[in-house]
2 protein chains.
Amino acid sequence: MFIKKQRLLTPGPTPLYPPALHAMMASDMHHRTEDFRKVYRACLADLKEVMGTANDVLMFAASGTGAMDASVSNLFSKGDKVIVCVAGKFGERWRDIVKAYGLDATVLTVPYGQAVPVAQVEAALAAEPATKGVFVQASETSTGAAHDVRAMGLAVAKTDAIFVVDAITGLGTMPLDIDGWGLDVVIGGSQKAFMIPPGLAFMSISPKAWKLGETGNLPHYYFNLKKEKKSGDAGESSWTPATSLILALGEALKYVKSIGMAELIQNAEMLARATRLAAERLGLELFSASSPGSSVTAITAPAGMDSSVIVKEFRSRFGSIIANGQGEMKGKIFRIAHLGYFDFSDLFAMLASLEIILNANGYPVPLGTGVAAAQEVYMQAAKK
Amino acid sequence: MFIKKQRLLTPGPTPLYPPALHAMMASDMHHRTEDFRKVYRACLADLKEVMGTANDVLMFAASGTGAMDASVSNLFSKGDKVIVCVAGKFGERWRDIVKAYGLDATVLTVPYGQAVPVAQVEAALAAEPATKGVFVQASETSTGAAHDVRAMGLAVAKTDAIFVVDAITGLGTMPLDIDGWGLDVVIGGSQKAFMIPPGLAFMSISPKAWKLGETGNLPHYYFNLKKEKKSGDAGESSWTPATSLILALGEALKYVKSIGMAELIQNAEMLARATRLAAERLGLELFSASSPGSSVTAITAPAGMDSSVIVKEFRSRFGSIIANGQGEMKGKIFRIAHLGYFDFSDLFAMLASLEIILNANGYPVPLGTGVAAAQEVYMQAAKK
């Protein structure tokens with residue numbers, strides 16, 4: 001038996017930034033003190049900076065789904081007409097949330113692996129001028145597809161609807177001009193590009209969204225955006241904050257700022273490009289070939305091979321945890337992540353491992369081929 | 001700028017085992033309590049088990065050099081005739097220690113990159129029947145060469161001399177039958193195959209060595225083997241122990257036992273074999289080609305290339321810290337380590353990085369070639 005380092009290489013939780021983990025050791029701190037308020041204020045300011053928005057930014061002790069829930073329960077009213085883009089498991093989650101709160105949804109569904117076309121959103125908006133909101137995933141983590149949130153945002157901005165973007169895996173992996181593109185609500189989570197453990201959700205809210213919220217009539221208590229905004233202005237959270245995670249976030253945001261958000265995005269884009277070229281050279285098919293995002297690349301398992309075998313052997317042979325398909329895609333695709341504390345060395349090792357696993361399971365590939373593709377992309381990118 | 005994870009990939013300190021680091025957080029513990037004695041006793045018992053010896057095993061709050069010093073100051077007498085094998089920087093350290101204590105040393109020196117032949121030790125023993133000790137490195141970390149400690153041990157066992165083996169990088173990377181081969185004193189350190197930070201040294205002592213120590217007349221205080229043995233039997237250390245490191249060691253030893261010492265050694269041997277084949281395929285020369293060890297592989301930089309460039313670019317391009325040559329070898333060789341918490345994924349990434357660095361510095365190699373060599377070795381080994 002060889003040493004097999006446990007490597008967390010999934011699209012969330014993502015590989016963790018060690019100094020952020022170390023910072024959690026300082027959580028013997030009370031949250032209603034000036035010491036903690038300093039940390040909390042810095043996190044909110046740094047989040048605003050790296051998200052690159054003038055909108056308000058709030059933080060919750062919750063997973064990303066909590067912020068998704070909050071955006072519906074705080075801003076909308078029962079029976080509101082909304083448009084929901086469904087391109088995978090997380091689009092289905094938007095659909096389920098708006099249904100739970102009794103909104104009247106037009107659901108635009110495309111097959112897994114594709115993205116909802118902008119024209120379809122435009123048509124739906126034109127068909128229903130009373131539409132109050134459009135919901136989408138910037139990056140649909142379950143399939144690796146990305147939506148054209150720029151074009152969608154500009155289209156929604158022309159209407160009275162607000163544009164609600166789940167950017168949980170989009171933030172830090174794709175350019176998102178929140179203010180320029182009219183992304184009224186943008187949701188993020190700690191366990192993604194922010195490279196810390198799960199437990200914190202983020203949300204930016206535009207003036208247009210706040211305005212809609214004024215007439216919202218849905219019940220809510222824990223997730224109270226107005227209250228949270230007021231608390232945040234005072235350097236506090238409304239309820240007990242997840243102090244250890246906030247200490248970790250503070251450290252991770254320092255790192256993200258030191259790299260620069262544009263470079264963090266480029267890191268994901270280069271890793272994604274390298275992965276796509278490696279897949280091509282290995283004769284593998286990309287699952288979301290028409291609209292591939294940079295948070296994660298979904299690859300179809302070779303004919304006759306269950307992708308669960310690939311996932312299992314990554315673990316059993318190399319100690320690495322990679323993502324299978326979710327739901328109906330389980331066994332059909334596997335996913336290589338590009339976000340969090342994830343670098344080219346991780347990718348080189350993953351591709352070398354993948355080649356071995358493919359060879360060992362009846363899909364012969366020349367050893368080193370995928371790695372060489374990734375090396376080429378690195379060398380091209382490093383020249384610039 | 002890409003994300004570049006800081007990766008500690010040197011032959012000591014070696015890559016660290018995370019659960020061992022986490023265990024250090026429990027050091028709010030007093031060392032003169034039964035709680036701590038339990039941990040200390042378990043460490044001594046587990047060390048004895050993984051070293052595979054019936055000899056006494058002691059532990060010191062010191063680096064490995066401290067235990068080397070202790071073996072001389074506790075067991076020998078001024079003017080004692082000894083033989084010192086010098087095949088690199090650590091052999092020179094033995095030479096300096098015995099000189100510092102006034103022993104009368106016959107120094108057997110070979111050029112860096114070679115190992116002292118057993119015949120030379122046998123001849124020196126035959127030439128001086130009053131020899132009290134023979135000093136050697138199992139693995140000479142500065143050059144990557146390994147000594148034939150089995151043959152040397154069997155030769156020394158026929159005489160009245162004791163055989164003192166610096167196995168600081170040898171333990172866990174090469175078979176060492178301490179009792180069967182007559183390795184009277186074997187020295188280890190925490191920051192090597194034990195995959196925790198520096199600060200602890202280990203030593204096994206045979207009855208023959210204890211006997212020699214009875215007549216030893218050299219001054220010593222902190223390093224007192226007899227006192228330490230008595231303390232250890234009571235589950236304590238003579239002086240204040242490095243509690244955090246001992247907690248880490250306890251966790252690391254559990255892991256080493258779960259893998260098995262033979263498999264840990266095989267891990268290093270396979271990584272070393274893969275590295276040698278990769279070097280060959282890349283047209284690179286091994287520095288210690290005649291007697292390569294498995295703790296670290298020293299590779300000669302291509303003609304006209306300073307190995308410091310390779311080391312620097314590993315850091316600047318990929319965040320990885322690898323070892324340059326030491327002393328006179330600096331700039332001429334670089335060293336790829338195989339010990340500590342080090343696995344094939346690390347090696348795949350290192351070789352992919354090395355290929356890029358070679359290409360970028362005027363030594364073109366086909367991308368993926370070295371990686372493919374390592375993949376082949378993995379696949380051969382995994383079949384068994």
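Predicted model: local features only at pLDDT ≥ 70, side-chain atom pairs only at ≥ 80, totals over all residues.

Reader: Fine. How is chain A split into domains?
Author: The assignment gives two entries. Domain 1 covers 7–13 + 260–383, and domain 2 covers 18–259.

Reader: How many residues of domain 1 of chain A are in contact with domain 2 of chain A?
Author: 28 residues of domain 1 of chain A touch 28 residues of domain 2 of chain A.

Reader: Which elements give two or more residues to the domain 1 side?
Author: Helix H10 (261–281) and strand E12 (296–300) of chain A.

Reader: What separates the domain centres?
Author: 27 Å, taken over C-alpha atoms.

Reader: Switching topic. How many helices and strands in chain A?
Author: 13 helices and 15 strands.

Reader: What does the C-alpha trace span?
Author: About 60 × 55 × 40 Å along the principal axes of chain A.

Reader: What radius of gyration does chain A have, against that of a compact globule?
Author: Chain A has 21 Å. A compact globule with 384 residues would be near 21 Å, so the value agrees.

Reader: What percentage of chain A is buried?
Author: Buried residues make up 56% of the 384.

Reader: Last one. What share of contacts comes from residues 24 or more positions apart?
Author: 73%, counting contacts in chain A with a separation of 6 or more.

Terms used
Residues numbered from 1 in each chain as written. Chains lettered and ligands numbered in written order. Domains from an automatic or database assignment. Contact = placed C-beta atoms within 7 Å. Helix = DSSP H or I, 4+ residues; strand = E, 2+ residues; numbered from the N terminus. Rg over C-alpha atoms; globule rule 2.2 N^0.38 Å. Buried ≥ 20, exposed ≤ 12 C-beta atoms within 10 Å, placed from the backbone.
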